[in-house]
Amino acid sequence: MTGCERKAVNRNYFNSYVWKPALAKAGVIAPLGESEGNGARVREPSREHGFHALRHFYASEELEAGESVVSPARWLGHSEPGFTLRKYSHFLPRAGARGSAAIDAVFA
């Protein structure tokens with residue numbers, strides 16, 4: 001993902017000024033709270049609601065839709081597709097459904 005200068009978006013900037021404010025406005029996470037002492041406004045740290053969650057969403061949706069594992073592996077910058085499968089296969093609740101349907105069709 002790149003910004004208007006065509007440089008990679010800094011994940012910390014994106015989390016703090018784009019993604020988490022949008023989640024707060026949608027009511028997914030709590031709005032900013034006051035920190036102790038210095039008055040800085042802080043959010044609860046959470047990898048679950050951060051920029052990284054978008055990678056998980058992309059990979060799981062691509063794989064669930066039947067895309068070859070090679071494609072999301074390449075887009076995510078993984079060195080080999082096996083890593084992508086190991087990392088994201090638990091997001092595939094319907095995994096194997098197409099294979100089962102194919103076998104069922106053979107014996108129908």
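**Exercise 1. The nonpolar core**

Task: In this predicted model, find which residues make up the largest nonpolar core, and which of its members A59 is in contact with once its neighbours within four places in sequence are left aside.

Solution: 
- Step 1. Start with the list: the largest nonpolar core has five residues, A59, L63, V69, L76 and Y88.
- Step 2. Now look around A59. Leaving aside neighbours within four places in sequence, A59 is in contact with L76 and Y88.
- Step 3. Here is a general idea to keep in mind: in soluble globular proteins, nonpolar side chains tend to be buried together.

**Exercise 2. One side of a helix**

Task: Work out which residues of helix α2 are buried and what they pack against.

Solution: 
- Step 1. Find the helix. Helix α2 covers residues 52-64, which is 13 residues. From its first C-alpha to its last it reaches 19 Å, close to the 18 Å expected at 1.5 Å a residue.
- Step 2. Pick out the buried residues of α2: H56, A59, S60 and L63. They lie on the same side of α2, because they cover an arc of only 95° around the axis.
- Step 3. See what is across from them: the buried residues of α2 pack against α3 (70-76) and α4 (81-88).
- Step 4. Follow the chain onward. Just after α2, G66 has a positive phi of about 95°.

**Exercise 3. A residue of α4**

Task: Find out whether T84 is buried or exposed, and which side chain it joins through a polar contact.

Solution: 
- Step 1. Locate T84 in helix α4.
- Step 2. Read its accessibility: at 0%, T84 counts as buried.
- Step 3. Look for the polar contact: the side chains of T84 and H78 are joined at 2.6 Å.
- Step 4. Complete the surroundings. Leaving aside neighbours within four places in sequence, T84 is in contact with V69, A73, H78 and S89.

**Exercise 4. Aromatic pairs**

Task: How many aromatic pairs are there, and is the pair of Y13 and Y17 stacked or tilted?

Solution: 
- Step 1. Count the pairs: there are two.
- Step 2. Classify Y13 and Y17. Their ring centres are 4.9 Å apart and their planes stand at 35°, so this pair is tilted.
- Step 3. Y13 and Y17 are four residues apart in helix α1 (residues 11-25), so about one helical turn separates them. Y13 is partly exposed, at 48% relative accessible area, while Y17 is exposed, at 59%.
- Step 4. Go on to F14 and W19. This pair is stacked, with 6.3 Å from centre to centre and 15° between the planes. F14 counts as buried at 11% relative accessibility, whereas W19 counts as partly exposed at 23%.

Methods: Residues numbered from 1 in each chain as written. Predicted model: local features only at pLDDT ≥ 70, side-chain atom pairs only at ≥ 80, totals over all residues. Heavy atoms only, no water. Helix = DSSP H or I, 4+ residues; strand = E, 2+ residues; numbered from the N terminus. Expected span 1.5 Å × (residues − 1). Buried < 20%, exposed > 50% of the residue type's maximum accessible area, 1.4 Å probe, protein only. Arc of directions from axis to C-beta. Contact = heavy atoms within 4.5 Å. Phe/Tyr/Trp six-rings, centres within 6.5 Å; stacked < 30°, edge-to-face > 60°. Core = buried A, V, L, I, M, F, W, Y, C linked by side-chain atoms within 4.5 Å. Polar contact = N/O pair within 3.5 Å; in protein donor to acceptor, adjacent residues only side chain to side chain.
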